[in-house]
Amino acid sequence: MQPWHRNAVVYQIYPRSFKDTNGDGIGDLAGIIKQLDYLNDGTETSLGIGALWLSPIYRSPMVDGGYDVLDHSAIDPRFGDLATFDQLVTEAHRRGIKVIMDFVANHTSHEHPWFLEARSSRDSPKRDWYIWRDPKSAGLPPNNWLSVFGGPAWTFDAKTRQYYLHSFFPEQPDLNWRNPEVEARMREVMRFWLDRGVDGFRVDAVLFVAKDSRFRDDPPNPSYRAGKDDPFLSLRHMYSLGGKEVTSLLEKWCEIVAAKDDGLLVSEVDLPLSELRSLYCACANHRHLPFNFNLMRLPWSASWYRTFIDHYEASLSPEDLPNYVLGNHDRPRVATRLGQSAARLSAMLLLTLRGLPFIYYGDELGMEDVMVPPDEVKDPWEFRIGRFGTGRDPARTPMQWDGSRWAGFSQVKPWLPLEVEYQKRNVAAESRDPHSFLTLYRTLIHVRNSSPALTIGTYRSLLPRSERNVLAFARECPAEKLLVVLNFSSHEEMVSLGYPKASVICTTGLDIPRGEVVDPRKLTLRPSEGYLLRIE
Ligand code: NOJ
């Protein structure tokens, strides 16, 4: 039998925004349990996903939405407790849904007992669990490294008169992974959650765990446009991240995850193709995949997509699993970036490509970014260097379950505002509409789940490279041959594919009956229309 990650669809839940059951305006674990049937109840009326990834639920001061962990073995009380977590894992597994936890490797909260101990004195036994350096002359930071969230990556600790390193907010001090005690303690953290039944981890900010041991300055980035680009991009991060130790750590984590027969590790990197390959190679047991965020960056053009996908496919060994991501809690929503019609097309692409697709909660409804008024902003990134519009709140707003006062998310005003369109764009309304975004997602996922070609078949692109507007590819295995034809343009397109006869499985408009026969040698696609076809 194939391991689950060879044929599942993963759904990312941002727990704060999924479903509130205790009336505090913030989502919680009991809410996720309540909505599990929506994700997969074994029938085609549910979404049909095979795994869920929970953004951090550890106890946390929530400076960075839980990516500032205060206790690695406790659930934040806003979300629930360990008993509720255990129940969530049991209930998810009962429905055939795997559970992936976020593993925040690079840093902890500044309120974490380890950091409190480390900063208490230079002689603290935990001092070296974090990264401390003396000031350069004149009290300046030890080097020029920058924090992703703005300003220097160093904060001066007045009591012990040294700087500590934080690649993100000052409230997120970086752990020192060169210290074997840190590695051992974090190994225990992984084991703790594996023992509680989780099926894998998404490793946060993995490249940051390995920095230059000589703390050399990062060189300037010649293509930086001062005043236009995020200041973090003013340097090339040659020394502050991405050292070669990343691969050896991944290898060790893969071994830990292997305690579970089909355990999985997904690491958070945002890298071009040329660099993804080496991370795939990091794990001998092929349990690891580096996130592929490239589709979120490419210009919306069939030729760009085709070139990327072809090269990505060609770069992987047969055991490596491709993966595709269209949205997450750090990026503008796909429907906002591309528009509703193109977002539907991208859904068909995501769910018909080879490998592991990741869906960000609400993208299956076509949810869009929400303009958050300045006095309701929650992501500190917005107000610390807000002029670059870096805040991530717009893509983190409450899930839209129905058209009631608070969209069925909560009984009270939620922690972030709702999308203006929530009364028409919600689970209840879209479930009744045979042409909705949600119906498209459900249809595609269920087709995928039961299709050997889509789950284990090969990928082969069709049409000449010069074709700018239409992306077409075949997914094939001995049992089945499927065609995917996607019109990226906003006008009608005619294509000719070398097959005399095919039947419709579905189209992005869901307005052509299943089974209708078409001639792929003369296929006319409406603007932003996609076809999933079976070769007869
Ligand atoms: C990446 C996470 O996705 C993001 O939300 C977080 O702020 C940083 N890592 C720091 O943990």
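Which residue does the side chain of K211 meet in a salt bridge? Hold that for a moment.

Some ground rules. This is a predicted model, where local features need pLDDT of at least 70, side-chain atom pairs count only at pLDDT 80 or more, and totals for chains, interfaces and linings use all residues. Numbering runs from 1 along each chain as its sequence is written, and side-chain values use heavy atoms, with hydrogens and water left out.

Back to K211. Its partner is D174, at 2.6 Å, N to O. By salt bridge I mean a side-chain nitrogen of Lys or Arg within 4 Å of a carboxyl oxygen of Asp or Glu. K211 sits in the loop between β9 (200-203) and α6 (245-257), and D174 in the loop between β8 (162-165) and α5, so the pair ties together parts 37 residues apart in sequence. Helices (H or I, at least four residues) and strands (E, at least two) are DSSP runs, numbered from the N terminus. The structure holds 41 salt bridges.

Now the domains. The bounds come from an automatic or database domain assignment. Domain 1 covers 4-107 + 180-206 + 261-445, domain 2 is 113-165, and domain 3 is 457-535. Ten residues of domain 1 and seven of domain 2 make the contact, meaning heavy atoms within 4.5 Å.

What do domain 1 and domain 2 bury between them? About 760 Å², with 73% on carbon and sulfur atoms. That area is the accessible area (1.4 Å probe) that two parts lose on being put together, summed over both. Salt bridges across this interface: zero. Helix α5 (residues 180-195) gives the most to the domain 1 side that touches domain 2, with four residues.

Last, the ligand. Residues near the ligand (a heavy atom within 4 Å) include Y67, H107, F149 and E268. For D64 the distance is 2.6 Å. For R392 it is 2.9 Å. For R202, an N or O atom of the side chain lies 3.0 Å from a ligand oxygen.

Terms used: A polar contact is a pair of N or O atoms within 3.5 Å; within protein, one must be able to donate a hydrogen and the other to accept it, and residues adjacent in sequence count only if both atoms are side-chain atoms.
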